[in-house]
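Student: I have a new structure to read. Please take me through the features one by one.

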Amino acid sequence: MLERMEGAENALACLHDEDYDVPFNTQSLNADGLVFMGGRQQELLNGEWNFCVDLLDTGLRQKWHTLQPEAPEDRSEPYDYDPYLGETVPVPSCWSMLKEKWYFFEGSAWYTRAVDFDGLGADERLFLRVGAAQYDCKVFLNGAFLGNHYGGSTPFNVELSEYIKTGRNWLMLVVNNTRTRDRVPMRNTDWFNYGGIYRDVSLIRTPKTFIKDLYVALVGDDSYSKIAIDVEVDGETSQPVQVAIAELGLTCAIPLERDGRGSVIIEARPELWSPESPRLYDVEATVGADRVRDRIGFRQIKQIGEQLYLNGESLFLRGISVHEDDEVHGKVLLDSDLERRFRHAKELNCNFMRFAHYPHDERAAKMADELGFLLWEEIPVYWAIDFANPATLKDAQNQLRELIRRDRNRASVIIWSVGNENPDTDERLAFMRALVETANSMDPTRLTSAACLVNHAKNRIEDRLAQYINVIGINEYYGWYDENFDDLIEFLDNSDPGKPVVISETGADGYIGEGKLESGFFSEAYMAEVYKKQIATLREREFVKGISPWILYDFRVERRQNMYQRGWNRKGLIASDKETKKQAFHLLSAFYGELKGKA
Ligand code: GCB
């Protein structure tokens, strides 16, 4: 617990201390702390929280977390904010969407709420889980600093067991969305920098000894008859972990090493998961009083030369890219929004989606598992990351590990992407290789990729990272940023990638609102023309094993302000209302329909 200095002493010290945030910028909450969630009860802490924007970080300077919840008239000193009284906001939400004056706000904001707790049993532990807070989140309970998390799109846990009291507790989260050069993403992006706690916050009770991680996957050769199960247990036990897949008539006991980890490979013949037949199995694991569950599909994804195979059958990815963005809710993803996203992807005849440019809500991959979509998941290593900075690598690696731990039981996820449009420098190569190694070591059952830039100097596919990844993503905008469309033909002719290429982006802006144009850049007609040409050209190329055009819906962004954009990227096949389809939607749907018919 950080001591609070009294009155004038504190008021003065906090004005002169520019290292006020050093004790709190610990990045201490990381992937190693994640608690496996499948089948666990959560007590949601969503709802109204006290709230205050804090542009100058006055709160950390004055140590607002140490303020007692006294009545205003009982205070022994003046203070500049009262965490216990005043304005409230809903959690989850993005503050940018709540008030016009907060729209562009970037800085810290304080969230405070009471947690009335009925006590912890003798054999219990308690964890706080935050689904996502953009970008940096510091956690305080009853005045004690419990840790700090970096990364705006992945979940994190904090153990509260030693700090929670029976009765009333005060939980404070300080969330900061300042864009800086060393973060992941860095300060320049082509999507909106929403701020806030925008996914669920909850409490989780576990037994003293609990299953911290469970990873189940089909492995081995083409007989599709081996399932690997890895478990990790936190706490003392001499018992093995029992795992059952009832529908396969399978049970096994996994003995644990000293570090609490154990693994087995068992013989099994599951029906394979695929987009056409998204078969999932209930998997249950128990140790002592702890029990977790997951619904898991078994499938094999493989890259050989320029080919992709799903369960041994050659695969073409009929995809679409999608952001997590909404006109009204910002980054908060409603179930109805998610359902609509998949409905539109089905209408497009897709079997694949690229979740750009950061980890999406975990419900999305679960739904893809159920509905039968293949996914590309990604971390926001976007554009000019500070590749030479070890702290930046640590942050990127942590986000990747959190994502993989969160989603590696999802059959839908076939690709981990480690970045987007990064320049081919030595520093970037070392940085990205480290990420690829992390992905491969945590999850050898999936492919790696990155959305690479066109090598404009040579107009061909050439990127040193290509030798380390399985699938070469290429973002190409021939017909838009590269106005000479025929250069695409030359680009493809010049290339000999030796690996499958997924056109991870292509497209054009098409504005269909008031004042729309009938032809030329930003017109719907021009956008459709680009799609026609792209489709006609890309379909002819053997090494192109998938396409995920940019993008399903128009999305909000600060950096685009011409009169057809007005703060929006208009490359959506559907406008920002998520209803109005542009011509290009129908073109892509017809093309994918034809491919689907042939498959
Ligand atoms: C890109 C980026 C994407 C942008 C898109 C565009 O290459 O990867 O984030 O939004 O182009 O519209 O320019």
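Tutor: Start with polar contacts. A polar contact is a pair of N or O atoms within 3.5 Å; within protein, one must be able to donate a hydrogen and the other to accept it, and residues adjacent in sequence count only if both atoms are side-chain atoms. Here a polar side-chain atom of Asn569 lies 2.8 Å from an oxygen atom of the ligand. This is a predicted model: local features need pLDDT of at least 70, side-chain atom pairs count only at pLDDT 80 or more, and totals for chains, interfaces and linings use all residues. Residues are numbered from 1 along each chain as its sequence is written, and side-chain values use heavy atoms, with hydrogens and water left out.

Student: How far from an oxygen atom of the ligand is the polar side-chain atom of His357?

Tutor: For His357 the distance is 2.6 Å. For a polar side-chain atom of Tyr477 it is 3.3 Å, again to an oxygen atom of the ligand.

Student: How much of the ligand does the protein bury?

Tutor: Accessible areas come from the Shrake-Rupley method with a 1.4 Å probe; for residues, only the protein chains shown count as cover. Alone, this ligand exposes 320 Å², and the protein buries 97% of that.

Student: Which residues around the ligand come nearest?

Tutor: A residue is near a molecule or strand if one of its heavy atoms lies within 4 Å of it. There are 14 residues around the ligand, and Asp190, Tyr382, Glu421, Tyr481 and Lys571 come nearest.

Student: How do the residues of the shell divide into nonpolar, polar and charged?

Tutor: Ala, Val, Leu, Ile, Met, Phe, Trp, Tyr, Cys and Pro count as nonpolar, Asp, Glu, Lys and Arg as charged, and the others, Gly among them, as polar. The shell has 5 nonpolar, 4 polar and 5 charged residues.

Student: Now the helices. What describes two packed helices?

Tutor: The angle between their axes and the distance between the axes. Axes are lines fitted to C-alpha atoms, for helices over the stretch in contact, and angles run from 0 to 180 degrees between N-to-C directions. Helices (H or I, at least four residues) and strands (E, at least two) are DSSP runs, numbered from the N terminus. Take α7 (residues 486-493) and α8 (residues 524-538): they pack at about 20°, with axes 10 Å apart. That makes α7 roughly parallel to α8. Angles under 35 degrees count as roughly parallel, over 145 as roughly antiparallel, 65 to 115 as roughly perpendicular and the rest as oblique.

Student: At what angle do α8 and α9 pack?

Tutor: About 20°, with the axes of α8 and α9 (residues 583-598) 8 Å apart. So α8 and α9 are roughly parallel to each other.

Student: Where does Pro92 lie?

Tutor: Pro92 is in the loop between β3 (88-91) and β4 (108-117). A cis peptide bond joins Val91 and Pro92, with omega about 0°.
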